[in-house]
Amino acid sequence: VNDCLEGECEVVYSKEETQYCVYQHGKCLYITKWIKKSYCYVFDYTNNSIIIYQKDKIIYQGGYTENKGGDKEYKQLIFIPHGHGITFENNVQRYEGNFNYGKRSGTGRSFDEQGKLVYDGSWRDDKKDGKGVEYIQDKMVYKGSWKDGKRDGQGIEYVQDKMVYNG
C-alpha cells in the first residue's frame, strides 16, 4: 500500500520488485526507476531513453520499448532496446547503433571484449547485412557486402593493409 500523494516515492511490491514513481494527487504520473530481480531500469523521459543495469553493471543505454516476449536473449527483461542505443558487457561497449525490438537493425558498430571496433555497417535481425567493414586488431580486413551475417557479393579483402582480393 502506498501512502504517497506528492513527489517521488518508493513502492515495494515484493523482496524482488520495487518501483520509484513521481506522484501527483496520489497517482503515479511516471516511473523513474524500476528494480525487478537482478535488473534495474532507470528512465529518462526527457530523451525517451532508459539505462538498464544487471547486478550493478550497465548492460544497455538508449531507446526502448516494452518487451512482448518475442526475443529469447531479452526474455527476462521488461523493457528491451529499440531505436538508437549502446550495449555493454562487463562495462565495455559492445555495440552502438540501431535496434528493432531488441535486435540490431539498421546501421551500427560492434566491438570486441577490449572495446576495439570489429564491424561497422548495416545489420538486419541481429546479423551483418548490407554494406559493412570488418576489422581485426584495428586493421580493415574486409569491406563490402554482407548477407545473413556472412560476406556475400562484392567486396575487397585486405591482408596486412594491402588489397588481396577485389570482386
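# A walk through the strands, core and salt bridges

Select phenylalanine 43 and isoleucine 50: the isoleucine, in S5, is the bridge partner of the phenylalanine. Strands here are DSSP runs of E with at least two residues, and helices are runs of H or I with at least four, all numbered from the N terminus.

Before going on, note that this is a predicted model: local features need pLDDT of at least 70, side-chain atom pairs count only at pLDDT 80 or more, and totals for chains, interfaces and linings use all residues. Residues are numbered from 1 along each chain as its sequence is written, and side-chain values use heavy atoms, with hydrogens and water left out.

**Stop 1**

Colour residues 49-54, which form S5. S4 and S5 run antiparallel and are joined by 6 bridges. Two strands count as paired if DSSP finds at least two bridges between them. The S4 and S5 hairpin has 4 residues between its strands. Select asparagine 48 in this hairpin: its phi is positive, near 50 degrees.

Select tryptophan 34 and look across to S4, where tyrosine 41 is its bridge partner.

**Stop 2**

Go back to phenylalanine 43 and show its contacts, meaning heavy atoms within 4.5 Å. Residues up to four places away in sequence are not counted; beyond them, phenylalanine 43 touches Ile31, Thr32, Lys33, Trp34, Ser49, Ile50, Tyr64 and Phe79.

Which residues of the largest nonpolar core touch the most other members? Select Trp34, Tyr41, Phe43, Ile50, Ile52 and Phe79. This core has 24 residues. S4 gives the largest share of the core, 3 residues. A nonpolar core is a set of buried Ala, Val, Leu, Ile, Met, Phe, Trp, Tyr and Cys residues joined through side-chain atoms within 4.5 Å. Buried means under 20% relative accessible area, exposed means over 50%, and partly exposed lies in between (1.4 Å probe, protein chains only). In soluble globular proteins, nonpolar side chains tend to be buried together.

**Stop 3: salt bridges**

How many salt bridges does the structure hold? There are 9. A salt bridge puts a side-chain nitrogen of Lys or Arg within 4 Å of a carboxyl oxygen of Asp or Glu.

Select aspartate 126 and arginine 104. Their side chains meet in a salt bridge, 3.0 Å from N to O. Aspartate 126 sits in the loop between S10 (117-124) and S11 (127-136), and arginine 104 in S9 (residues 103-111), so this pair ties together parts 22 residues apart in sequence. Aspartate 126 is partly exposed at 23% relative accessibility. Arginine 104 is partly exposed too, at 21%. Check the backbone of aspartate 126: phi is positive, about 70 degrees, although the residue is not a glycine.

Move to aspartate 129 and arginine 124. Their salt bridge is 3.1 Å, N to O. Is aspartate 129 buried or exposed? Aspartate 129 counts as buried, because its relative accessibility is 10%. Arginine 124 is partly exposed at 48%.

Next, select glutamate 134 and arginine 151. The closest N and O atoms of this salt bridge are 2.6 Å apart. The pair links distant parts of the chain: glutamate 134 is in S11 and arginine 151 in S13 (residues 150-159), 17 residues apart. Glutamate 134 is buried, with a relative accessible area of 16%. Arginine 151 is partly exposed at 36%.

Finish this stop with Glu89, Arg94 and Glu113, which salt bridges with shared partners join into one network.

**Stop 4**

Select aspartate 138, in the loop between S11 and S12. Aspartate 138 is not a glycine, yet its phi is positive, about 65 degrees. With a relative accessible area of 52%, aspartate 138 is exposed.

Follow the chain into S12, residues 139-147, and pick serine 145. Serine 145 is buried, at 14% relative accessible area. Its side chain makes a polar contact of 3.2 Å with the side chain of lysine 131. A polar contact is a pair of N or O atoms within 3.5 Å; within protein, one must be able to donate a hydrogen and the other to accept it, and residues adjacent in sequence count only if both atoms are side-chain atoms. Leaving aside neighbours within four places in sequence, serine 145 is in contact with Gly130, Lys131, Lys150, Arg151, Asp152, Gly153 and Gln154.
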